[in-house]
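Biologist: I am new to reading structures. Could you show me how to go through one, feature by feature?

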Amino acid sequence: MTKTPQEKIDLYKQHKNEYAAPGKPVLVEIKPAVYLAISGQGAPGGDQFTASIGALYGAAFTIKMTRKFAGRQDYGICKLEGQWWSDSGPDLSKAPKDQWRWNLLIRTPRFVTGEDLRKAVDVLLKRGKGEEVKQVRLETLAEGTCVQMLHVGPYDQECVTIARMKEFAENNQLEFHGRHHEVYLSDPRRVPPERLKTILRCPVRRNAG
Amino acid sequence: MKPATLNDYKRRLLRVLVHIQEHLDESLALEELAELACFSPFHFHRIFKGMVGESVKEHVRRLRLERAAGRLKLGAESIVCLALDAGYESHEAFTRSFRSIFGVSPSGFRSSERRARVAAAPSGLHFANGRRVKDFKTIHPGGNNMEVKIVRRAPLRVAFMRHIGPYSAVGKTWDRFLPVLGKEGLLGGDTQFIGICHDDPEVTPPGRVRYDACVSVDESFSPTGEIGVQVIAGGEYAMTTHVGPYRKLGQTYACLLGQWLPRSGRQLSSRPCFEVYLNDPQGTEPKDLLTDIYAPLAAQSRISAR
């Protein structure tokens, strides 16, 4: 079935199985996906982090609305996602927060081009929306096979869920391999910490040992 | 001046309820009723609905039907006459309404010994037939445990596009408005998306509801074409968060203005309420939508020390 240009694209509906969020660990197959991305280092909620989120959304809104104004294919802006790691290893709880590294992501349809992004950045810079927007880039992630599970609760309790995911991987002769990735389903400004819903994802490979 | 109490609010509404009972044959315009109660016409209807448990229109309609029921039993007037007296243009519409309230048709009611069921009246008020109404019940549909914060807001400069038409169609105005701003780089992570409803969608005919779709902007934006600029006044607001579909916003407004407000010791200023949309309705399930409702409070007069 061909889509009419007026019909809006919903990436979550198109890739429903990639956003599976069960209460126990499962294996999912993540196809290569395009994101608007911005990376940095420091505690979540810190100045750089907040400015980067603003820049990422600024780019996402501007690209989408510029396309929409021109009558090009419309789409919904996806939720915020993020990859987290530190130079001292994948276990973030062992690193001080100011050494946490992150890559913030908003999934974007493939038809969004580098040219769309460049124009949006120019417009935002002209508006004086902050230099961070120059750091926003288009990135393709090919995560492949991943363990995935829904985490309900505060972000600082994720280690409990991650431990379950790790155990599940080991029981299936798999090991974590690649960056921890999460999808923020809830708005932390409004949802109390104990009800926050976050999809946790970790790429895995066959256990070498 | 003392802060306004629940009794003050009840007394003011009672004036309206008495007036309605005594003038059932008149048009009972909302502006007039609001003035009787000294409420701003912006807020009167929501306060009424929240306190009495039915809209003015529903209340008046029910009283007229209750009066008609009494006359059906006791008088010999034709049903068509009674229908006209009750404000209906046709026998059929009258019969439909009558049956929905009393569970029996007007002619069935007249010809049989059957008693009609008592019409549901959340306020406990029925057609008083000349007796003077002295009190009414204020309902509590969750109004008491509603979470309301009093917040102080700074003045906010917004770009806006005016929508005139059904509230349910404001999405179309947003669809035209946002791309114009977005392509200029005016939407970012901290942008606030706000709706100001200058009319109550439950009262004003759908074709005439005025609504401003607003987006916070800084000084760099100047009005252009259909897009104007206004400043949402700063000051104190009562704020509550509505969780769920936009079509149910009216219930939360009625709760805030009709249940919380009369018990708060505060009064509203005459500016319109507004709503701040916290999520993107296109990527969010209607049941998960969050909307902050702000009701502007009048400055509190200093309680004089005696």
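Modeller: We will go through domains, a core, a helix and a chain contact in turn. This is a predicted model, in which local features need pLDDT of at least 70 and side-chain atom pairs count only at pLDDT 80 or more, while totals for chains, interfaces and linings use all residues. Residues are numbered from 1 along each chain as its sequence is written, and chains are lettered from A and ligands numbered from 1 in the order in which they are written.

Biologist: Which domains does the assignment give for chain B?

Modeller: Domain bounds come from an automatic or database domain assignment. For chain B that gives domain 1 (6–111) and domain 2 (149–296). Their centres, taken over C-alpha atoms, are 32 Å apart.

Biologist: How many residues does each domain of chain B put into the contact?

Modeller: Two residues are in contact if their C-beta atoms, placed from the backbone, lie within 7 Å. Domain 1 of chain B brings 13 residues and domain 2 of chain B brings 15. On the domain 1 side, helix 3 of chain B gives the most, with 8 residues. Helices (H or I, at least four residues) and strands (E, at least two) are DSSP runs, numbered from the N terminus.

Biologist: And what is a nonpolar core?

Modeller: It is a set of buried Ala, Val, Leu, Ile, Met, Phe, Trp, Tyr and Cys residues joined through C-beta atoms within 7 Å. Buried means that 20 or more other C-beta atoms lie within 10 Å of a residue's own, with exposed at 12 or fewer and partly exposed in between; C-beta atoms are placed from the backbone. In soluble globular proteins, nonpolar side chains tend to be buried together. Here the largest core has 85 residues, and L56(A) and V215(B) are among those with the most contacts inside it. Helix 2 (residues 47–69) of chain A gives the most to this core, 9 residues. Domain 1 and domain 2 of chain B both contribute residues, so the core lies between them.

Biologist: Which residues does L56(A) contact, leaving aside its neighbours within four places in sequence?

Modeller: Those are L36(A), I38(A), L104(A), I106(A) and V136(A).

Biologist: Which residues of helix 9 of chain B are buried?

Modeller: Among them are Y253(B), L256(B) and L257(B). Their cover includes helix 3 (41–52), strand 6 (235–243) and strand 8 (290–296) of chain B.

Biologist: Last, how many residues of each chain are in contact with the other?

Modeller: 19 residues of chain B are in contact with 23 of chain A. On the chain B side, helix 8 (residues 170–182) has the largest share, 4 residues.
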